[in-house]
Amino acid sequence: MKETDREAVATAVQRVAGMLQRPDQLDKVEQYRRREARKKASVEARLKAAIQSQLDGVRTGLSQLHNALNDVKDIQQSLGDVSKDWRQSINTIESLKDVKDAVVRHSQLAAAVENLKNIFSVPEIVRETQDLIEQGALLQAHRKLMDLECSRDGLMYEQYRIDSGNTRDMTLIHSYFGSTQGLSDELAKQLWMVLQRSLVTVRRDPTLLVSVVRIIEREEKIDRRILDRKKQTGFVPPGRPKNWKEKMFAILDRTVTTRIEGTQADTRESDKMWLVRHLEIIRKYVLDDLTVAKNLMVQCFPPHYEIFRNLLSMYHQALTTRMQELASEDLEANEIVSLLTWVLNTYTSTEMMGNVELAPEVDVSSLEPLLSPNVVSELLDTYMSTLTSNIIAWLRKALETDKKDWIKETEPEADQDGYYQTTLPAIVFQMFEQNLQVAAQISEDLKTKVLGLCLQQMNSFLSRYKDEAQLYKEEHLRNRQHPHCYVQYVIAIINNCQTFKESIVSLKKKYLKNEAEEGMSLSQPSMDGILDAIAKEGCSSLLEEVFLDLEPHLSDLMTKKWLLGSNAVDIICVTVEDYFNDFAKIKKPYKKRMTAEAHRRVVVEYLRAVMQKRISFRSPEERKEGAERMVREAEQLRFLFRKLASGFGEEVDGYCDTIDAIAEVIKLTDPSLLYLEVSTLVSKYPDIRDDHIGALLAMRGDASRDMKQTIIETLEQGPTQANPNYVPIFKEIIVPSLNVAKLLK
């Protein structure tokens, strides 16, 4: 207590010191004293109230303990009285054992009497139930079966309750009602048969299906009641729970699976279209079945069965399993296409799950894919690999077939515009078109891949086509009489190049719809260059034919025979025109190019004849006559090629003007002006060389050796500025060196 008092005094001193830190606070001493007095009075009041409350609680507790002690004494006395009475009644209880046994027997007899009628009528009820099952009266049969099971289960329950260990009596009851389980199994068999044919039954006799569902519902209620009782008593009758609802869905699931698997009527050996037929039958069956389930079956089942949703899940799972089985088989390319088209497109289309008859219960966006992405990818890889091999084989076969046509004795067919052609482009692009249409049915991605494959293989094919065309030409040159229609088929090959070009553009335009795909197509090897090379080679081959026939007549030019009136140019013109009547069957882009090339080559050959010093004029009259003849023949050639080039809208006279320019040098009468005339010629044709000038002067026959040397040396020193649009013509004309050596002697 002293320690506590000291702490209290110290605390008080500290508080007073805190209150009186400044002189002005001394005036408030009385105020502080009154405040502290109030606080002290308040604390004392609270302490008194708390102590009073504690005292009241203690007083009440003591009173209750006193009462409890009295109650315990009373109970102890009562227990003593009960123990005394129990000891006195033991003998009396043992004397009542006979009464207990009598009660047990009475209970058994009461249960037997209650079910006596049913017990005696069990054989009769069994026969009636059997008859009803055979007659198809399933509801009535089930009612009687329920009566039998109720009697059996009641007797067995009483026996179990009285003496659960008495297996002999339980076995006796079970054997007496032994037919009940057989009837239950027989009835179940009838129910499952109806459920297996439920899609047919619901159309013909929906009441039968309703009866089956009612029976299953009854059994489900009995199962639930028995399981509830099992929790309390532990007793379960034999054969319970039946779980017929669960078995019903298992039967429906097995029926759906069997229906899907049973739609395959053919094999690949018996019908190449077996898979298409199989998938179409599946589509029709599934759509019809689900439509019937949605419109009719849902009315025969309680809503909580969700029969349509469950059937939809069963069909989807059965289809998934079936599609996986088909995908695992060794399918051909067309079969892979059929399968993927059906799985990826048909299944969710309006022809099947997206059909308006199934909406809105079926949401195609929520359906899981029938095949996993990995399986689809593997199938596509297999398809692309097979397709690549097939395209290569088809293109090779198409080319071999086309080559056989090249050696026929009959001309190739012409298109509606009269241009020669073979069936090769049509066959190739029909094949491409078919494969692209098929790929487009599966997916846009596959379509793009197939187009890329087609273009890639087309590029390789055109290289082989070019090689075969070259071999065709070489074979012909060994014997120009064979094949008979060589020219016509070369024309057809040239026209095919244009057809190929147009078909490739058309194919890309049709099957490439967006910029990304266009970018893909640009990455493909360009085929225009190969096609132009084939066409150019073909045109060159035809011109070689022309010039092989013109060779004897070209050799007559610039000779004595020519000067005396040879009709070589007339024959040349007639021959060229005759060939070009056949060349009219060449399509315009290549015919235009070929006409220009023929014009150039004829003029080049004419100029080559001039440069080969086949003749040397001996007098001005001969020079004049030769020059005039050259001008006339230039006009003949000009007229011919104007006629051949009509419709092209291009100037074709430039080459023949070269002959006129040479003629001007030939017919010049004043040798002193030769330098000026030759200078003009060189300025117009900057590719003319000194050996060309030497040959030209030698043909005139009047230029001295010094004059020739001076003109050539002077022209060599003077630079010439070529016209940017000038096409060299003298560049490919070679003057024999022997002639130049003779000229300079």
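Visitor: What volume does the largest pocket have?
Guide: The largest pocket has a volume of about 430 Å³. On a 1 Å grid over the protein atoms alone, a pocket is an open set of points with protein on both sides within 12 Å along at least five of seven lines, while a cavity is a set where a 1.4 Å probe fits but cannot get out; lining residues have an atom within 4 Å of a point. Volumes are the space filled by probe spheres set on the points, which are joined across faces, edges and corners.

Visitor: Before we go on, what am I looking at?
Guide: This is a predicted model, so local features need pLDDT of at least 70 and side-chain atom pairs count only at pLDDT 80 or more, though totals for chains, interfaces and linings use all residues. Residues are numbered from 1 along each chain as its sequence is written, and side-chain values use heavy atoms, with hydrogens and water left out.

Visitor: Thanks! Back to the pocket: which residues lie nearest its centre?
Guide: Asn 334, Val 337, Ser 338, Val 438 and Gln 441 lie nearest the centre, out of 21 lining residues.

Visitor: Which helix gives the largest share of that lining?
Guide: That's α14, with 7 residues. At least two residues each come from α12 (274-295), α14 (333-346), α15 (373-406) and α16 (424-442). Helices here are DSSP runs (H or I, at least four residues), numbered from the N terminus.

Visitor: How many of the pocket's lining residues are charged?
Guide: There are 3 charged residues, next to 10 nonpolar and 8 polar. Ala, Val, Leu, Ile, Met, Phe, Trp, Tyr, Cys and Pro count as nonpolar, Asp, Glu, Lys and Arg as charged, and the others, Gly among them, as polar.

Visitor: And where does the largest pocket lie relative to the domains?
Guide: Domain 2 (247-371) and domain 3 (376-513) both contribute lining residues, so the largest pocket lies between them. Those bounds come from an automatic or database domain assignment.

Visitor: What lines the largest cavity?
Guide: Its lining is Ala 469, Gln 470, Tyr 472, Lys 473, Tyr 486, Val 490, Ile 493, Ile 494, Ile 534, Glu 537, Gly 538 and Ser 541. Two or more of these residues come from each of α17, α18 (486-511) and α20. By class, 7 are nonpolar, 3 polar and 2 charged.

Visitor: And the second largest cavity, what lines that?
Guide: There you'll find Thr 257, Ile 260, Glu 261, Ala 318, Thr 321, Arg 322 and Glu 325. The elements giving two or more residues are α11 (244-261) and α13 (307-328), and α13 has the largest share with 4. The lining includes 3 charged residues, alongside 2 nonpolar and 2 polar.

Visitor: How do α17 and α20 pack, then?
Guide: The axes of α17 (residues 444-478) and α20 (residues 528-554) come within 9 Å and cross at roughly 10°. The two helices are therefore roughly parallel to each other. Among the contact residues are Gln 470 and Lys 473 of α17, and Ile 534, Glu 537 and Ser 541 of α20. The contact has 8 nonpolar, 5 polar and 5 charged residues.

Visitor: How are those angles and contacts defined?
Guide: Axes are lines fitted to C-alpha atoms, for helices over the stretch in contact, with angles from 0 to 180 degrees between N-to-C directions. Under 35 degrees counts as roughly parallel, over 145 as roughly antiparallel, 65 to 115 as roughly perpendicular and the rest as oblique. Contact means heavy atoms within 4.5 Å.

Visitor: What about α10 and α11, at what angle do they pack?
Guide: About 140°, with the axes of α10 (residues 206-233) and α11 8 Å apart. The pair is therefore oblique. Ile 215, Ile 216, Glu 219 and Glu 220 in α10 meet Trp 244, Lys 245 and Met 248 in α11.

Visitor: Last topic: which residues does a cis peptide bond join?
Guide: One joins Ala 359 and Pro 360, with omega about -5°; Pro 360 sits in the loop between α14 and α15. Another joins His 482 and Pro 483, with omega about -5°, and Pro 483 lies in the loop between α17 and α18.
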